[in-house]
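Look at the sequence and the model first.

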Amino acid sequence: MTTCDQIYDVIVVGAGHAGCEAALAAARMGCRTMLLTINLDAIALMSCNPSIGGLAKGHLVKEIDALGGEMAKNIDATGIQFRILNTKKGPAVRASRAQADKQLYRLRMKRVLEQQENLDLKQGEVTSLCLDAAEVRGVVLRSGISYLSKTVVVTTGTFMRGLIHIGLNNYPGGRAGDQPSVGLSDQLRDLGFQVGRLKTGTPARLDARSIDFTKLETQFGDHPPRPFSFSTERITMPQLPCYIAYTNPRSHDIIRSGLDRSPLYSGIIEGVGPRYCPSIEDKVVRFPDKDRHQTFIEPEGLDTIEVYPSGMSTSLPIDVQIAFYRSIEGLERVEIMRPAYAIEYDYVDPIQLHNSLETKIIHNLFHAGQINGTSGYEEAAGQGLIAGINAARRVKGLEPLVLTRSQAYIGVMIDDLVTLGTKEPYRIFTSRAEYRLLLREDNADLRLRELGYQIGLVSVQDYFQFEKKRLGITAELGRISTTRLQHTDEQVVVLARHGLLDIQKGTTLEQLLKRPEVSYADLAELDCVSRETSEVIREQVEIQIKYKGYIDRQMEQVEQSKKLESTRIPQDLDYTSVKSLTTEVREKLSKNRPDTLGQASRIPGVTPAAISILSIALKSSSWQGTDLQ
Amino acid sequence: MYIRDTIAAVSTPPGNGGIGIIRVSGDQAAVVGNTVFTSVSDGGFVSHRFSFGTIRDAATGEKVDEAMAVLMRSPRSYTREDVLELHCHGGWLVVERVLALVLACGVRLADPGEFTRRAFLNGRIDLVQAEAVMDIIASKSEAALQLAQRQREGALSKRIDEVRGCLLKALALVEAYIDFPDDDIGSTDVASITASVESAQSMLSDLLVTFEEGRIIRDGISVLIVGKPNAGKSSLLNRLLNENRAIVTHIPGTTRDIIEETITFEGLAIRFLDTAGIRHTDDLVEQEGINRALEKVPLADLILAVFDGSRRFSQEDQMLMDALAGRKIIAVVNKSDLPQRFSLSDETRFLAVVPITALSGDGVDLLKLTICRQFHHSSATDSREFISLSRARHRDALVSAEGFLHQFSVGLVDRNLELLALDLRGALDSVGAVTGQTATDEVLDLIFSSFCIGK
């Protein structure tokens with residue numbers, strides 16, 4: 001076996017959406033970093049849907065951007081349709097979503113990686129980790145070479161013992177067209193990690209030339225498209241529409257007739273699939289009363305005829321696939337270019353992680369992305385960024401970066417994962433965030449930009465631009481709280497037009513803006529300074545004033561929970577020594593090993609009473625070994 | 001330390017009895033057992049099995065009593081800790097002696113209710129149940145005991161769960177429309193959201209109206225006896241109690257301080273408060289008594305206004321009526337055996353008018369029934385379905401939930417969904433505070449089982 005003499009600071013295993021963020025973060029923070037992938041032509045490949053964002057996922061992307069990650073910039077440069085979802089609802093649940101040109105997306109990310117200082121890109125399959133007792137020292141490749149490093153970030157996606165299913169046929173693969181990773185998960189299991197099996201699926205890719213788009217509804221993106229990144233000025237890519245089609249009762253009959261050859265229903269697939277992204281056969285079986293299911297036909301890129309029918313993933317045999325896709329109106333003569341398939345893969349229960357994403361069992365080893373049981377590019381990227389940052393901080397001897405639940409969706413996600421573990425693919429939702437009104441897309445920079453700058457991932461220019469925005473917001477908030485209506489002739493005319501004649505002279509612009517029927521645009525009519533205010537500042541001022549009551553209420557709740565969140569539980573705490581805990585609670589705590597009381601309180605079955613007992617036990621310094629007997 | 005130490009107490013009532021039980025709970029229970037108790041058979045304690053033996057003073061070896069002892073190993077015990085019970089002879093001296101021996105082993109005397117508190121802290125019972133156990137111990141009447149028993153069985157917890165179920169359903173709908181805007185789950189189904197919230201609201205208000213009744217069943221009714229001097233208030237009290245509790249003379253103003261006594265009637269605890277007669281007086285002591293009587297007026301559940309039937313409605317009667325404005329009053333017209341000169345100008349001010357003769361006791365039973373009828377809807381409370389709130393803490397939590405739901409209903413027209421979700425979560429948290437539950441992933445589970453999600 002050959003060993004390379006260079007010792008890296010950080011080695012990242014896997015170059016998907018988690019791996020790319022991890023490697024870039026570490027390298028940008030000045031660490032000697034290596035990114036290893038099974039296939040250098042598949043870096044940042046969108047293995048499933050050709051899109052980024054959506055509810056809560058868009059929030060993650062903006063947070064990644066605010067912290068200095070790459071995903072938002074990458075989609076801005078390669079996106080071919082941008083939409084803001086939930087525009088009719090409040091600002092907290094508005095989210096950005098974009099269609100990507102899949103090939104351009106991966107090529108741009110590869111270019112960014114290639115141009116990154118301190119970063120080596122290599123192709124190879126990692127078969128095991130080099131260990132020294134409970135500490136990781138590097139990785140061993142199938143080729144026989146081994147690389148040494150101070151830290152390792154594992155982001156294996158669906159590759160560990162990946163098994164692809166199409167009907168009753170199955171074969172090993174990490175993704176259609178790629179080899180699986182074999183050996184690594186066996187070693188992890190031997191080390192004491194709880195390795196489980198999950199399943200996910202992807203629909204067929206269809207030939208656009210064989211689709212009659214005149215029979216489908218067209219869905220255009222927003223005009224003008226709004227970028228994800230706080231640093232992107234405008235989107236310059238050409239924009240394309242998506243199309244909406246529907247299954248019908250005949251499609252469902254075809255699917256039912258093929259269920260006997262479904263690996264899902266014949267028990268061949270053991271892995272647990274995502275409930276929020278079920279295969280079409282799952283939808284038909286679980287919701288037999290629904291006579292149609294919607295699908296968005298999304299372009300895979302500008303220069304390709306391949307299209308992606310979202311929500312239509314399946315592991316049915318190829319003949320059933322063809323018959324069922326062709327039963328959809330507009331798709332009567334459709335040709336499949338790549339078949340749909342399901343894939344099973346190994347994951348490691350994230351309950352065995354600290355909230356820094358370092359494993360509890362092996363020192364200096366970090367896990368991010370689907371290996372932690374998540375699904376989605378954005379979830380992966382968010383974890384990758386944190387794992388990369390924390391690997392680099394470990395190398396530098398710094399405390400890990402841990403985002404709280406009131407600070408970021410990334411914090412909510414990681415806290416959920418490491419506190420509760422997961423038995424099914426985990427996806428972020430806005431309803432997972434208890435402080436949803438605080439965690440908005442629009443204020444992701446206000447929440448995290450400063451932090452990104454301190455960590456060393458946000459450039460000075462970007463930070464300067466942000467500071468300008470922040471100061472502008474503060475100044476404008478101050479100004480409208482002291483500027484009063486003079487009831488000039490001009491103002492009275494505007495007030496009358498808006499039916500606001502009951503507004504008294506001397507009312508501040510802030511008081512006016514608090515009224516539900518008044519928008520910032522109305523202020524601009526009344527007051528010439530408001531007319532000059534930039535769009536980003538207008539938006540923030542409007543949201544912060546209109547939602548003040550709710551935002552304040554949530555801030556109070558955050559304040560109240562701080563005590564629990566900041567009370568640390570020693571990792572070696574012997575829960576059996578806390579006698580008053582019930583056996584059930586004791587078992588749960590011993591298994592989950594929460595880092596803080598706040599985490600402990602979120603473990604199902606850990607009662608408020610148990611938390612009081614724990615907190616008392618932690619306060620008495622004599623909890624350790626002071627058994628009365 | 002407090003949480004983990006071992007506690008002991010005498011569990012049988014004070015005084016001499018046939019049997020006296022000393023209960024010990026905590027880590028040290030077995031050690032205590034082995035120290036003070038020697039089984040006649042060999043071998044130590046077998047969990048949950050009584051053994052017969054002797055209790056000895058370990059220091060002197062002196063035999064204190066013959067006793068039965070049982071050790072209940074954690075978690076199969078009342079407190080979920082190791083529990084030792086020593087059943088000895090019930091003489092007060094013996095019991096005290098045994099307790100002293102137990103305490104000498106280094107355990108602490110339990111605080112009142114501490115065994116139950118531990119059962120709660122250790123998760124054996126929820127808050128409602130813990131409180132109900134306290135109520136069972138403290139029950140003042142049959143009805144209160146029944147109510148407490150039912151709460152302990154979890155009837156209230158079950159109803160609270162039903163309310164939570166409705167709220168979770170509504171929240172799941174709201175969250176689905178927020179998180180899955182591109183999924184084909186139909187337009188916002190406001191009707192089914194409001195239907196769920198409304199049924200939660202009606203369950204809450206049904207529970208809340210029971211609070212008054214529940215409290216009365218639990219604490220009993222307080223009945224204030226007022227009237228002008230010498231109307232016969234104290235005689236009435238004595239009749240109601242069937243004993244000569246209050247001093248009765250023909251001298252007006254005999255009663256100065258408030259006399260308080262409780263009886264049980266029709267399963268209900270009734271606390272009577274006899275007061276000084278209301279009149280103008282220069283006597284400082286009497287004036288203080290009158291002030292005390294008037295202070296009690298707003299606190300009483302019911303007022304018995306006692307009039308002298310042999311005299312006309314007087315200035316002093318009017319003074320009294322003015323002081324009772326807005327209260328629930330039963331007019332008691334005493335001395336019905338004498339020629340009647342009394343008449344009430346406006347009987348509608350009273351819940352009832354009951355003529356009595358306190359001296360002979362005529363009419364007093366009718367009066368008791370009339371009192372009970374004002375509070376005790378026996379048909380409702382006897383039914384097994386009857387669930388009642390009886391604690392201010394529960395009431396406060398549910399009132400707060402009602403407040404959130406009111407906010408929700410008002411905002412339904414023009415507020416954003418995520419703000420409505422906030423109201424629903426607030427309501428869920430409040431309701432959960434009664435039983436100590438909080439909403440977790442239940443909402444998502446409901447979404448996935450009710451909607452076909454998955455773009």
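Q: In which helix is A:His252 found?
A: This is a predicted model: local features need pLDDT of at least 70, side-chain atom pairs count only at pLDDT 80 or more, and totals for chains, interfaces and linings use all residues. Residues are numbered from 1 along each chain as its sequence is written, chains are lettered from A and ligands numbered from 1 in the order in which they are written, and side-chain values use heavy atoms, with hydrogens and water left out. Helices (H or I, at least four residues) and strands (E, at least two) are DSSP runs, numbered from the N terminus. A:His252 is found in helix 6 (residues 249-257) of chain A.

Q: Is A:His252 buried or exposed?
A: Buried means under 20% relative accessible area, exposed over 50%, and partly exposed in between (1.4 Å probe, protein chains only). A:His252 has 2% relative accessibility, so the residue counts as buried.

Q: Which residues does A:His252 touch, not counting residues up to four places away in sequence?
A: Contact means heavy atoms within 4.5 Å. By that rule A:His252 touches A:Thr247, A:Val284, A:Lys290, A:Asp291, A:Arg292 and A:His293.

Q: What is the bridge partner of A:Tyr246 in strand 16 of chain A?
A: Two strands pair if DSSP finds at least two bridges between them. Strand 15 (residues 242-246) and strand 16 of chain A pair in the antiparallel sense over four bridges. The partner of A:Tyr246 in strand 16 of chain A is A:Gln294.

Q: Why is strand 16 (residues 294-299) of chain A largely enclosed by the rest of the structure?
A: In a regular strand the side chains alternate between the two faces of the sheet. On one side of strand 16 of chain A, A:Gln294, A:Phe296 and A:Glu298 are buried; on the other, A:Thr295, A:Ile297 and A:Pro299 are buried. The strand is largely enclosed because the buried residues number six of the six.

Q: Through how many residues does a hairpin join strand 16 to strand 17 of chain A?
A: Strand 16 and strand 17 (residues 306-309) of chain A pair in the antiparallel sense over three bridges. A:Ile297 stands opposite A:Pro309 in strand 17 of chain A. The hairpin between these two strands of chain A runs through six residues.

Q: Which residues touch the most other members of the largest nonpolar core?
A: A nonpolar core is a set of buried Ala, Val, Leu, Ile, Met, Phe, Trp, Tyr and Cys residues joined through side-chain atoms within 4.5 Å. The largest core has 69 residues. Its largest share, nine residues, comes from helix 9 (residues 377-395) of chain A. The members that touch the most others are A:Ile52, A:Leu403 and A:Ile410.

Q: In what order do the seven strands of the open sheet in chain B run?
A: The pairing is mixed. The edge strands, strand 3 (37-39) and strand 7 (108-109) of chain B, each pair on one side only. Strand 5 (residues 63-72) and strand 6 (residues 83-89) of chain B pair in the antiparallel sense over five bridges. The order is 3-4-5-6-2-1-7.

Q: Which residues form one aromatic cluster with B:Phe307?
A: Rings of Phe, Tyr and Trp (its six-membered ring) pair if their centres lie within 6.5 Å; planes under 30 degrees apart count as stacked, over 60 as edge-to-face and the rest as tilted. The count comes to 13 aromatic pairs over all chains. The rings of B:Phe307 and B:Phe313 have centres 6.2 Å apart and planes at 40 degrees, so this pair is tilted. With B:Phe307, the cluster is formed by B:Phe313, B:Phe342 and B:Phe350.

Q: How many residues apart are B:Phe313 and B:Phe342?
A: Their ring centres are 6.0 Å apart and their planes at 45 degrees, so the pair is tilted. B:Phe313 is in the loop between strand 11 (302-308) and helix 10 (315-323) of chain B, and B:Phe342 in the loop between strand 12 (329-334) and strand 13 (352-355) of chain B. The pair links distant parts of the chain, 29 residues apart.
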